[in-house]
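Subject: Structure handover and notes

Dear colleague,

Please find the structure below, with the sequence. My notes come after it.

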Amino acid sequence: MIIIKGGFIATLFFKNIKMAINVNTVYTTVLSILNKEQRGYLTPDEFNKIATQVQLEIFESFFEDYNQYIRMPKTNVEFASRMDHIREEFQVFEKNSNASAVTSNVYTQPTDLHRFGSAFYEIGTNSPELEIVSKRDYHQQRLSPLTQPTTNFPVAIYQEDKLTVYPIATTPLVSDIGFNYIRKPLDVIWAYSLGSLGQYVYEPTNTGAGVIPTTGSVNFEISESQQTEVILSILKYSGIVIRDPQIIQAAAQELQQEEINSKR
């Protein structure tokens, strides 16, 4: 439930289910709150930029929350585990892909990699995981025949978004290395066309004529359980765009309360 105080009030109820947040629902809700007391207007382009930033901030907070929760006692109550909840959020963004390029034994990570998880030497037996080592450690390993890297015990040096892998494949291919990683969320887009009166008309796909942008709409990828925070955060940034400090203050207070409640 959202309650914005200071002359305008909006109350919303959301289901706590693992589905993506509909971009049109969020935009129309934000406009409804802003327009209720003639607070101003947020254009689709402004909304898209703010919504993308808000989703990224919430996405990054998952990692911070996970680091905190992993040190806390875990509950065995079904549906109540905070760690399980965060893992459910992560799984949407987890990917497995090959290297995006290769030169000799240097493999470039996938272009959409945001947080590295692990990498695997696909040409070894059962695709062994690469041991990530420093350049110093690698040179020390080479000093002994017993610690030399092999196809079943490969190592790699991870620098500048690239893996330098040992042993060197006879014919290096991008498919030699498999990456497991977290990608960034896609940019949020509320696509539109212009109506006969010049009004913005929501376009969920890019099949209509004159759709802006031509890619069509893109929903939020974080789950509906984050919808309250998404709307409050967009309202906070909207107050900056339309220069209304009352919106900023009210939304910030509600966000703070949401944060307190989530940590209880």
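Predicted model: local features only at pLDDT ≥ 70, side-chain atom pairs only at ≥ 80, totals over all residues.

Residues are numbered from 1 along each chain as its sequence is written, and side-chain values use heavy atoms, with hydrogens and water left out.

Overall

The protein has six helices and ten strands. Both are DSSP runs numbered from the N terminus: helices are H or I with at least four residues, strands are E with at least two. Of its 264 residues, 40% count as buried. Buried means under 20% relative accessible area, exposed means over 50%, and partly exposed is in between (1.4 Å probe, protein chains only). Accessible areas come from the Shrake-Rupley method with a 1.4 Å probe; for residues, only the protein chains shown count as cover. Among contacts between residues at least 6 apart in sequence, 68% join residues at least 24 apart. A contact means heavy atoms within 4.5 Å.

In soluble globular proteins, nonpolar side chains tend to be buried together. The largest nonpolar core here has 33 residues, and Val26, Phe47, Phe220 and Ile234 have the most contacts inside it. At least two residues of this core come from each of α1, α2, α3 (82-91) and α5 (227-241). The most is given by α2, with ten residues. A nonpolar core is a set of buried Ala, Val, Leu, Ile, Met, Phe, Trp, Tyr and Cys residues joined through side-chain atoms within 4.5 Å. Leaving aside residues up to four places away in sequence, Val26 touches Ile21, Phe47, Phe220, Val230, Ile231 and Ile234. There is also a second, separate core of 13 residues, which includes Ala119, Ala156, Val165 and Ile177.

Sheet

Five strands form an open sheet with mixed pairing, in the order β2-β3-β7-β6-β5. At its edges stand β2 (101-103) and β5 (131-132), each with a single partner strand, so one side of each is left without a neighbour in the sheet. Two strands pair if DSSP finds at least two bridges between them.

Strands β2 and β3 pair in the antiparallel sense over three bridges; Thr103 has Val106 of β3 as its bridge partner. Strand β3 (residues 106-108) is in turn joined to β7 by three bridges, and these two run antiparallel. Here Val106 stands opposite Thr164 in β7.

On β7 (residues 162-166), four of the five residues are buried, so this strand is largely enclosed by the rest of the structure. Five bridges pair β7 with β6 (residues 155-159), again in the antiparallel sense. Gln159 has Lys162 in β7 as its bridge partner. The hairpin of β6 and β7 has two residues between the strands, and Glu160 takes a positive phi near 50 degrees there.

Salt bridges

A search of the whole structure finds three salt bridges. The criterion is a side-chain nitrogen of Lys or Arg within 4 Å of a carboxyl oxygen of Asp or Glu.

- Glu60 and Arg115 meet at 2.9 Å, N to O. The pair links distant parts of the chain, 55 residues apart, with Glu60 in helix α2 and Arg115 in strand β4 (residues 113-121). Arg115 is partly exposed, at 35% relative accessibility.
- Asp112 and Lys95 also meet in a salt bridge (2.9 Å, N to O). Asp112 is in the loop between β3 and β4 and Lys95 in strand β1 (residues 94-98), 17 residues apart. Asp112 is partly exposed at 28% relative accessibility, and Lys95 is partly exposed with a relative accessible area of 28%.
- Glu221 and Arg183 meet at 2.7 Å, N to O. Glu221 lies in the loop between β10 (200-202) and α5, and Arg183 in strand β8 (residues 177-183), 38 residues apart. Both Glu221 and Arg183 are buried.

Surface patch

Tyr41, Leu194 and Tyr200 make a nonpolar surface patch of about 300 Å². Patches are made of residues with over 30% relative accessible area and no salt bridge; like charges are joined within 9 Å and nonpolar side chains (Val, Leu, Ile, Met, Phe, Trp, Tyr) within 5 Å. Tyr41 lies in the loop between α1 (23-36) and α2 (44-69) and is partly exposed, with a relative accessible area of 39%.

Regards
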